[in-house]
Amino acid sequence: SVVYALVSQEPDVIVSDYSEAIGNFRTFATLLLPKLEKTENKAWDIEIPGHYAFHFVRISGFGFMCMYEKNQTKSKGSTFLKNLSANFLTAFYEAGSPTGQNEVWQFGVGFKKTIKDLMVAHDEALQINPDWGNIM
């Protein structure tokens with residue numbers, strides 16, 4: 001399952017993030033973001049020691065990243081990020097593309113619930129889709 005997810009904006013500032021778990025995810029992500037290439041539409045997979053891996057993509061100047069359990073395939077992280085980026089960009093542009101630091105921060109706070117909802121939907125899809133094997 002997806003353990004942590006975030007949306008960042010240049011220069012690697014976290015706009016919105018969410019996790020049900022307790023951990024140093026945000027700190028680790030803050031250290032990792034500046035090290036990632038700034039290429040648009042290129043996906044990155046970063047494996048770390050332990051049970052987790054990160055999947056990252058940059059679209060329209062925003063970074064989208066999720067941390068997921070390594071027992072999932074990379075395509076599951078990719079699918080989650082496609083949903084996250086589509087939801088974020090739609091909501092961001094519908095909100096009039098906030099530009100001020102405070103406006104972006106307020107938008108990001110409101111977007112946390114969307115990240116949570118996407119994570120729940122993603123986990124439910126993993127549990128009920130027979131084509132994805134026995135995840136539970």
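## Close-up views of a predicted model

**View 1. K113 and D117 pair within helix α3.** K113 forms a salt bridge with D117, their closest N and O atoms being 2.8 Å apart. A salt bridge here is a side-chain nitrogen of Lys or Arg within 4 Å of a carboxyl oxygen of Asp or Glu. The two residues are four apart in helix α3, so about one helical turn separates them. K113 is exposed, at 55% relative accessibility. D117 is partly exposed, at 38%. Buried means under 20% relative accessible area, exposed over 50%, and partly exposed in between (1.4 Å probe, protein chains only).

The model is predicted: local features need pLDDT of at least 70, side-chain atom pairs count only at pLDDT 80 or more, and totals for chains, interfaces and linings use all residues. Residues are numbered from 1 along each chain as its sequence is written, and side-chain values use heavy atoms, with hydrogens and water left out.

**View 2. D17, R26 and K112 form one salt-bridge network.** Salt bridges that share partners join these three residues. The side chains of R26 and D17 meet at 2.8 Å, N to O. Those of D17 and K112 meet at 2.9 Å, N to O. D17 lies in strand β2 and K112 in helix α3 (residues 101-128), so this pair ties together parts that are 95 residues apart in sequence. D17 is buried, at 7% relative accessibility. R26 is partly exposed, with a relative accessible area of 41%. K112 is also partly exposed, at 30%. The structure holds four salt bridges.

**View 3. Five strands make an open sheet.** The strand order is β2-β1-β5-β4-β3, with antiparallel pairing. Two strands pair if DSSP finds at least two bridges between them. The edge strands, β2 (13-18) and β3 (43-47), each pair on one side only. Neighbouring strands are turned by 20° against each other on average, direction ignored. Axes are lines fitted to C-alpha atoms, for helices over the stretch in contact, and angles run from 0 to 180 degrees between N-to-C directions. Strand β1 (residues 2-9) and β2 run antiparallel, joined by five bridges. A5 has Y18 of β2 as its bridge partner.

**View 4. Helix α1 packs on the sheet.** Helix α1 covers residues 25-32. The helix touches β1, β2, β3, β4 (52-59) and β5 (62-69). Its direction makes about 45° with that of β1. Contact means heavy atoms within 4.5 Å.

**View 5. L36 is a buried loop residue.** L36 sits in the loop between α1 and β3. Its relative accessibility is 8%. Leaving aside residues up to four places away in sequence, L36 touches I46, F56 and R58.

**View 6. The whole protein has three helices and five strands.** From the N terminus on, the elements run β-β-α-β-β-β-α-α. Helices (H or I, at least four residues) and strands (E, at least two) are DSSP runs, numbered from the N terminus. Of the 136 residues, 40% are buried. Among contacts with a separation of 6 or more, 45% join residues 24 or more positions apart. The accessible surface comes to about 7600 Å², of which 55% belongs to carbon and sulfur atoms. Accessible areas come from the Shrake-Rupley method with a 1.4 Å probe; for residues, only the protein chains shown count as cover.
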